[in-house]
There are 2 protein chains.
Amino acid sequence: MEELIILMNLELSIAIPDSLISEDKDLREKTVKVGMVGRACAIFKVQKIYIYKDHGDYERDFQIIKSLLEYMETPQYLRKKLFPKKEELKFVGILPPLRTPHHKLLKPLSQIKVGEFREGLVVKVKERLMVDVGLSSLIPLNGSANEGSRVTIRFTQSYPNLKCEIVDKSIINEYWGYEVKRGPVLSKLIKIVKPNLFIITSRWGKNINELWDELVREIKKSKSILIAFGSPKRGIKEILADEGFKPEDFTRFIINMFPNQGTETVRTEEALLGTLALINLAIISNR
Amino acid sequence: MEELIILMNLELSIAIPDSLISEDKDLREKTVKVGMVGRACAIFKVQKIYIYKDHGDYERDFQIIKSLLEYMETPQYLRKKLFPKKEELKFVGILPPLRTPHHKLLKPLSQIKVGEFREGLVVKVKERLMVDVGLSSLIPLNGSANEGSRVTIRFTQSYPNLKCEIVDKSIINEYWGYEVKRGPVLSKLIKIVKPNLFIITSRWGKNINELWDELVREIKKSKSILIAFGSPKRGIKEILADEGFKPEDFTRFIINMFPNQGTETVRTEEALLGTLALINLAIISNR
């Protein structure tokens, strides 16, 4: 139980550059890479993904990353309704499913229990607000909401008089997906987010084993963690230098997550999964 | 320096099932997945990849996995010579480069130093044995070798009288790639490989944080580690059950590497990268 409480109180976020997929030849390869990012975030319960501005014009790539990550995070039954056909979604068929608790499957209305949560889309039928939650009928909504908005609902009455209300997803004791947010340049993002613990991943940082005990202690004291990753071309050190800063200006946790690596570089999407596996261990280590 | 010595003495191997890519729709997706496996192995200096037999006929998938992993491991300049055009290599263009120390780039012959190592292919020119090492000319070989074999060489004389000899790659103090081996079923493979430390990754195992200190101690005593991964459909427990065994018959290190995971499943290629990041930390932690 203690483990659970730690996790519920902890907001884990990552910062990735909008140049993340700039070196991939085509949309198909970009889609594969973003798919890996979405999966890594869901496995390790990341709550916010900030896409910060790298130096250069990556607006188009930003749109692709954001659309694909949001598409992945949306339950299957809402995807067609929330995402009109767009060029950047051409290869969504190859995206791996997240299979998170908030991606519910179809089940008979009679099996719905009061208190269950579900993601839905608000619709209006003859002036009555209803929610499309991927079941065989729409669910009448108690309360108000904007038509067309995506909401998290809780069932307040069971079959055959199913009703629901909108809730804040923070009250749910399960992983309920991530949010994708546009960030400014990295140095500004850090100042806006103000995490309790800010971690920079860098091949030139201190080896993870040397900082481990301190990291575990610091995580225990933290309610929010932000982990920043570099771009395919440049590390965080170079990225911050462009903005007139050094990594040390923001944190003492500048960590080489993969000491003794066998390859010249570790790609951002690889670093993400490996780093989150390590941070997850630090989070659950009770020391 | 101590860290380096530990790593040189340690043989890290993994066991993956031949059913690894059985759920992927087409060769292109299979290629992407194998690419992720090859990269994860190279980042964390895996020396042997065993592909064990899962229950079912995965011979074709085995051929694809083996060919792609070996293709990735081969320096770029030898690929066309060692790999004739094969159907399973159709999408190698999308494989990420390993960028390991043994994938050397072209450089002028005059810059080659005595003692340097390089991968090469033995060729015969007018009854003289030479080695193609991806430079602007073939290098005369001291000693004997089979024509057409891939070898590791060391330069014994410098430009303009370059000469080389064949060496065993175990003498090289850098990561020099992995070997791919066909294994029998998993229970038999364990008995053949006989690692000092055998680790089973399983969602139903003990949480990594609970076994961490013991794992770090055990790794320190071990000269060889084998880590086994399940298939897309079934975990190691079910796979061993088919063979009349339980995980506990082989090791007490049956580990859930991702406690508190946010997704219903972690794919084998994801588990591989995350697990190797954790084991790497355990290896370099001097406790």
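1. Basis of the note. This is a predicted model, in which local features need pLDDT of at least 70 and side-chain atom pairs count only at pLDDT 80 or more, while totals for chains, interfaces and linings use all residues. Residues are numbered from 1 along each chain as its sequence is written, chains are lettered from A and ligands numbered from 1 in the order in which they are written, and side-chain values use heavy atoms, with hydrogens and water left out.

2. Extent of the interface. Contact (heavy atoms within 4.5 Å) joins 46 residues of chain A to 47 residues of chain B. The size of an interface is often given as the accessible area lost when the parts come together. Here the buried area (the accessible area, with a 1.4 Å probe, that two parts lose on being put together, summed over both) is about 3,900 Å², and carbon and sulfur atoms give 54% of that area.

3. A:Arg39 and B:Glu270 meet in a salt bridge through their side chains, at 2.8 Å from N to O.

4. Elements at the interface. Helices (H or I, at least four residues) and strands (E, at least two) are DSSP runs, numbered from the N terminus. On the side of chain A that touches chain B, at least two residues each come from helix H1 (2-9), helix H2 (27-43), helix H6 (208-221) and helix H8 (268-284) of chain A. H8(A) gives the most to this side, with 8 residues.

5. The side chains of A:Glu11 and A:Lys48 form a salt bridge at 3.3 Å, N to O. A:Glu11 lies in strand S1 (residues 11-17) of chain A and A:Lys48 in strand S2 (residues 48-53) of chain A, so the pair ties together parts that are 37 residues apart in sequence. A:Glu11 is partly exposed, at a relative accessible area of 27%, whereas A:Lys48 is buried, at 16%. Buried means under 20% relative accessible area, exposed over 50%, and partly exposed in between (1.4 Å probe, protein chains only).

6. A salt bridge between loops. In chain B, the side chains of B:Asp54 and B:Arg234 meet in a salt bridge at 2.9 Å, N to O. The two residues are 180 residues apart: B:Asp54 is in the loop between strand S2 (48-53) and helix H3 (59-73) of chain B, and B:Arg234 is in the loop between strand S10 (224-228) and helix H7 (236-242) of chain B. B:Asp54 counts as buried at 7% relative accessibility, and B:Arg234 as partly exposed at 22%.

7. A buried residue of chain B. B:Ile236 lies in helix H7 of chain B and counts as buried at 1% relative accessibility. Although B:Ile236 and B:Ile200 are 36 residues apart in sequence, they are 7.3 Å apart in space, C-alpha to C-alpha.

Terms used. Salt bridge = Lys/Arg side-chain N within 4 Å of Asp/Glu carboxyl O.
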